[in-house]
Amino acid sequence: MSRVDLAQIMNPKSVAVIGASRDPDKVGHVILQNYINAGYDGELYPVNKSGEDILGLKTYKNVDQIKKSVDLAVIAIPAPFVPGVLEECGKAGVRSVVVVSGGFAEVGNTELEEKIGQIAMKYKMPMIGPNCLGVMDPRSRVDTLFLPTYKLSRPSIGGVSFMAQSGAVGSTILDLISGEGFGLSKFISYGNATYVDEADILEYLMNDKDTKVIVMYLEGVKRGKAFLDVARKTAGKKPVVVLKAGKTAEGQAAAHSHTAALAGDFETYLALFRQFGFIIADDLSDLLYYAKVLVSEPPPKGNHVAVITNGGGAGVLVTDALASSPNLKMGVFSATAQKALRKAMPSIVSIRNPLDLAGDADYQRYGTAIEALRNDPGIDMFVVVALFQTPGADSKLAAELVRFKDNMDKPMIVVSVGAQYTEMHKVLMESAGLPVYDSPAAAVKALSALLSYNVYKNRKR
Amino acid sequence: MESRYVKTSSDAVSFSDGKPIAMKVLSPKALHKTKAGLVKLDLRGDKEVAAAFGVLKKKAAWLKPYDIVVQKMAHSGVEAIIGGRMDAQFGPVIMLGLGGIYVEAFKDFALRICPITSYDAEQMIEQLRSKDMITYNGKTKRLVVDLLMKVSKFLVANDDVKELDLNPVIMHEHGYDVVDIRILK
């Protein structure tokens with residue numbers, strides 16, 4: 001049984017926005033506006049001391065004047081007023097709160113932060129924050145983010161959930177995800193983690209049926225042992241991609257033994273991630289690279305990769321990246337596949353891996369090649385390089401690759417490098433669930449992560 | 001490793017019994033014995049043993065309280081370091097590294113949170129760039145896995161241990177020797 005239930009926060013039937021305002025520059029205004037823009041269809045209750053209607057909605061002076069059940073209160077008022085408002089929420093029976101306001105432990109006001117934590121716990125109101133962006137769920141149309149949609153695009157509905165302490169990193173990632181085809185399940189920026197913390201959120205996402213892949217940006221954890229307990233179970237259920245910030249040597253200066261000198265804080269986190277099958281990202285871009293392959297591709301049955309390309313150089317780059325990968329290998333085409341390929345391909349095409357289809361390859365040549373190899377027992381995964389600058393590559397090629405993707409039980413990813421024309425086809429393919437990478441190295445890293453995750457998941461214990 | 005505290009040079013000589021031995025000074029004031037010149041290795045013959053005792057006793061004079069310990073020389077083989085640390089957040093953490101002084105130079109080590117499973121222990125070895133130094137034979141690998149599991153159990157059972165080094169552990173054709181242990185509570 002979870003310590004807290006985040007369902008009220010992620011899928012509320014009614015939301016009060018405390019600190020709602022007529023002033024478009026106020027955070028409380030943007031939050032209310034975003035709820036309206038997102039088409040949230042539950043009850044919406046603006047709360048403002050003046051009580052004047054805001055954005056055409058009936059506005060309440062106090063949360064206890066609402067007199068109806070409130071599943072979630074979003075609190076966007078100056079820090080010193082938060083304890084009083086939390087008390088009111090508790091007495092009025094509000095089920096959960098998101099405190100977006102800053103001005104607590106992050107600026108040294110630890111007492112104020114402890115106080116709001118105690119109030120939230122006293123009333124058993126799960127509280128996200130303070131000092132956070134809050135939550136977003138495109139399915140339930142909950143959106144507590146105080147960033148206007150013209151500045152920060154909102155992703156479509158999908159299977160990747162994202163959790164972050166940092167609001168800035170969180171919003172950056174959210175903006176980036178909106179440019180990817182895979183879509184979002186849940187977004188949770190939890191700030192100071194005074195009540196609801198990493199362990200609670202990870203557990204919630206682990207059990208959330210709409211979440212297929214968990215992506216997290218972590219600076220630290222509030223309750224180490226509780227986090228361990230959840231982390232131990234999570235990767236067995238779904239992939240977790242993690243970016244850990246804070247590679248400091250703090251605390252190591254005082255070490256007396258070799259072990260303590262080497263095994264610092266950061267290394268210990270990495271060890272934990274490795275031990276429990278998390279995929280470790282080195283950079284923000286890695287989070288997206290890994291997320292999109294993990295959310296869309298089936299588990300590979302082995303580690304042998306076929307490379308199909310319309311550019312010789314790009315094929316070599318993929319091959320080089322594969323050679324330095326810790327777990328992937330170039331596959332060898334079976335005799336049957338070789339025979340079929342020799343028969344179908346023009347004589348300029350050498351039948352070997354990487355399979356260079358030549359610069360004039362069109363969608364049919366790609367189709368024939370993939371068809372010949374898709375059931376080859378020596379091939380477990382495909383990297384298809386599609387350079388759209390070449391004469392034969394056009395929208396039909398993008399459509400053909402998507403068609404294969406839909407009918408294939410082996411992982412397949414695409415490498416397409418280029419500007420507008422390429423970008424357009426990238427979006428086409430990605431929105432159909434086919435992961436596209438803009439560099440051979442990124443593509444190979446992603447496949448490698450897909451394989452290691454599945455090796456971990458199927459490990460013998 | 002067969003070891004004994006000795007008070008006099010003749011104690012040391014009778015312990016060596018004509019076979020090569022190592023001799024070291026143990027003192028809470030000297031954590032890095034080799035660097036401080038407090039370890040003498042491969043002492044052969046009564047004369048060499050007695051002379052080494054004299055040198056170490058002199059060097060250790062300002063390190064009181066101290067002990068001098070003699071050990072049978074370890075077999076030669078691959079050196080490993082196995083250690084532990086109590087992490088404030090996650091509890092005991094176990095470490096494996098290979099190759100003596102190179103562990104720190106190359107930062108080639110693997111960590112796990114305790115308790116570990118035998119799968120975790122195998123993965124710790126797999127993670128090392130220098131894994132081929134021990135995986136060349138299956139027996140050595142099994143010994144390392146076995147030792148890691150034991151150390152993990154020890155760390156879980158003794159949560160007052162802040163830091164632990166088994167360094168070096170020497171793996172050779174007959175098994176392994178834990179040459180030195182350092183525990184900080």
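The following exercises, each with a worked solution, concern a predicted model.

Local features in it need pLDDT of at least 70, side-chain atom pairs count only at pLDDT 80 or more, and totals for chains, interfaces and linings use all residues. Residues are numbered from 1 along each chain as its sequence is written, chains are lettered from A and ligands numbered from 1 in the order in which they are written, and side-chain values use heavy atoms, with hydrogens and water left out.

**Exercise 1. A sheet in chain B**

Task: Determine the order in which the four strands of the open sheet in chain B stand, and which strands form its edges.

Solution. 
Step 1. Begin with the terms. Helices (H or I, at least four residues) and strands (E, at least two) are DSSP runs, numbered from the N terminus. Two strands pair if DSSP finds at least two bridges between them.
Step 2. The order in chain B is β1-β4-β2-β3, with antiparallel pairing. The edge strands are β1 (3–6) and β3 (39–43) of chain B, each of which pairs on one side only.
Step 3. Neighbouring strands of this sheet are turned by 25° against each other on average, direction ignored; axes are lines fitted to C-alpha atoms, for helices over the stretch in contact, and angles run from 0 to 180 degrees between N-to-C directions.
Step 4. Helix α1 (residues 9–16) of chain B packs on the sheet and touches β1, β2 (21–26) and β4 of chain B. Contact here means heavy atoms within 4.5 Å. The direction of this helix makes about 15° with that of β4(B).
Step 5. Now inspect the pairs. β1(B) is joined to β4 (residues 67–72) of chain B by four bridges, and B:S3 stands opposite B:Q71. Between β2(B) and β4(B) there are six bridges, again in the antiparallel sense; B:L26 has B:D67 as its bridge partner.

**Exercise 2. A sheet in chain A**

Task: State the strand order of the seven-stranded open sheet in chain A, and explain why one side of each edge strand is left without a neighbour.

Solution. 
Step 1. The order is β7-β6-β9-β8-β10-β11-β12 in chain A, and the pairing is mixed.
Step 2. β7 (142–143) and β12 (279–280) of chain A each have a single partner strand, so one side of each has no neighbour in the sheet.
Step 3. β6 (residues 134–137) of chain A pairs with β7(A) over two bridges in the antiparallel sense. Within this pairing, A:M136 has A:D143 as its bridge partner.
Step 4. Helix α9 (residues 265–275) of chain A packs on the sheet, touching β10 (213–218), β11 (240–244) and β12 of chain A. Its direction makes about 175° with that of β11(A).

**Exercise 3. The interface**

Task: Describe the interface of chain B and chain A by its residues, its buried area and its polar contacts.

Solution. 
Step 1. Contact involves 30 residues of chain B and 27 residues of chain A.
Step 2. The buried area is about 2,500 Å², of which carbon and sulfur atoms give 61%. Buried area is the accessible area (1.4 Å probe) that two parts lose on being put together, summed over both.
Step 3. B:Q89, B:F90 and B:Y119 supply 27% of the area that chain B buries against chain A, more than any other three residues.
Step 4. Five residue pairs, both at pLDDT 80 or more, are in polar contact between the chains. Such a contact is a pair of N or O atoms within 3.5 Å; within protein, one must be able to donate a hydrogen and the other to accept it, and residues adjacent in sequence count only if both atoms are side-chain atoms.
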